[in-house]
Amino acid sequence: MSIYDFVIKQTNGTEKKMTDYQDKVLLIVNTATGCGFTPQYEGLQKLYNDYQAKGFEVLDFPCNQFGNQAPGSNEEVAAFCQMNYQTTFQTFSKVNVNGENESPVYTYLKAAQGGLLNKDIKWNFTKFLVDRQGKVVKRYAPQTKPEEIAEDIEALLS
């Protein structure tokens with residue numbers, strides 16, 4: 001099993017294959033529009049601007065599981081991000097990251113590193129860094145600012 005075995009839903013409900021991201025470095029993030037960490041969208045966009053041409057993608061999965069901090073439709077969430085943070089990276093349909101209805105992608109991400117990291121996601125803006133071969137190489141806490149991840153992204157892109 002690999003990250004590329006999954007199909008995810010775009011904001012309009014159509015399916016997208018993760019194989020579309022093969023050979024790219026990915027930062028997969030569960031986000032929210034009304035969270036104390038929401039300003040991290042600026043940093044995520046800066047990472048995307050800086051590294052997208054080198055094969056880097058940010059995959060944004062809004063999540064309403066934590067304090068209902070991602071209200072509205074999928075389209076409203078995406079529009080909020082584009083209007084308030086000028087995001088140009090892909091925003092997908094809302095997902096659950098924990099529990100009975102969690103996204104299979106998140107089940108995979110959490111299990112990929114095993115050990116102590118194979119725990120429930122505690123809050124929005126948990127980030128997973130995936131290398132060009134689809135291996136989950138690191139998990140970052142919500143408090144980790146996107147700019148603190150730049151060095152790790154650069155290492156995987158070189």
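This is a predicted model: local features need pLDDT of at least 70, side-chain atom pairs count only at pLDDT 80 or more; totals for chains, interfaces and linings use all residues.

**Strand β4.** I began with where the side chains of β4 go. Phe-56, Val-58, Asp-60 and Pro-62 point one way from the strand, while Glu-57, Leu-59 and Phe-61 point the other way. Every one of these residues is buried.

**Neighbours of β4.** Which strands pair with β4 (residues 56–62)? On one side I found β3 (residues 25–31), running parallel to β4 over seven bridges. As a reminder to myself, strands of a sheet pair through backbone hydrogen bonds, either parallel or antiparallel.

**The whole sheet.** Next I zoomed out. β4 belongs to an open sheet of five strands, in the order β5-β4-β3-β6-β7, and the pairing is mixed. Which strands stand at the edges? They are β5 (90–91) and β7 (136–140); each has a single partner strand, so one side of each is left without a neighbour in the sheet.

**The hairpin.** I then followed β6 (residues 127–130) to β7, and these two pair in the antiparallel sense over four bridges. Lys-127 has Tyr-140 in β7 as its bridge partner. Five residues sit between the two strands of this hairpin, and Gly-134 takes a positive phi near 90 degrees in it.

I wanted to see where positive phi turns up in residues other than glycine. Asn-68 is one case, with phi near 50 degrees. I found Asn-68 in the loop between β4 and α2 (74–85), and it is exposed, with a relative accessible area of 57%. Gln-86 is another case, also with phi near 50 degrees. Gln-86 is in the loop between α2 and β5. Is Gln-86 buried or exposed? I get a relative accessible area of 51%, which makes Gln-86 exposed, as the cut-off is over 50%.

**Lys-9.** Lys-9 is partly exposed, with a relative accessible area of 47%. What does Lys-9 touch, not counting residues up to four places away in sequence? The answer is Thr-14, Phe-92 and Ser-93. I also checked Lys-9 against Phe-61: they are 52 residues apart in sequence, and their C-alpha atoms are 9.6 Å apart in space.

**Gly-43.** My other stop was Gly-43, in helix α1 (residues 40–51). Gly-43 is buried, with a relative accessible area of 15%. Leaving out residues up to four places away in sequence, Gly-43 touches Pro-146 and Glu-147. Ile-149 is 106 residues from Gly-43 in sequence, yet the C-alpha to C-alpha distance is 9.9 Å.

**The chain overall.** I left the big picture for last. I count four helices and seven strands, and along the sequence they follow the pattern β-β-β-α-β-α-β-α-β-β-α. Of the contacts with a separation of 6 or more, 67% are between residues 24 or more positions apart. How does the radius of gyration look? With 158 residues, a compact globule would come out near 15 Å, and the chain has 14 Å, which agrees. Taken along the principal axes, the C-alpha atoms fill a box of roughly 35 × 35 × 30 Å.

**Surface and charge.** Buried residues make up 51% of the 158 residues. The chain exposes about 7,700 Å², with 47% of that from carbon and sulfur atoms. On charge, I have 16 positive and 19 negative side chains, and the centres of the two sets lie 3 Å apart.

How values were computed. Residues are numbered from 1 along each chain as its sequence is written. Side-chain values use heavy atoms; hydrogens and water are left out. The radius of gyration is taken over C-alpha atoms; the globule rule is 2.2 Å times the number of residues to the power 0.38. Buried means under 20% relative accessible area, exposed over 50%, partly exposed in between (1.4 Å probe, protein chains only). Contact means heavy atoms within 4.5 Å. Accessible areas come from the Shrake-Rupley method with a 1.4 Å probe; for residues, only the protein chains shown count as cover. Lys and Arg count as positive and Asp and Glu as negative; His and the chain ends are not counted. The place of a charge is taken as NZ of Lys, CZ of Arg, CG of Asp or CD of Glu. Two strands pair if DSSP finds at least two bridges between them.
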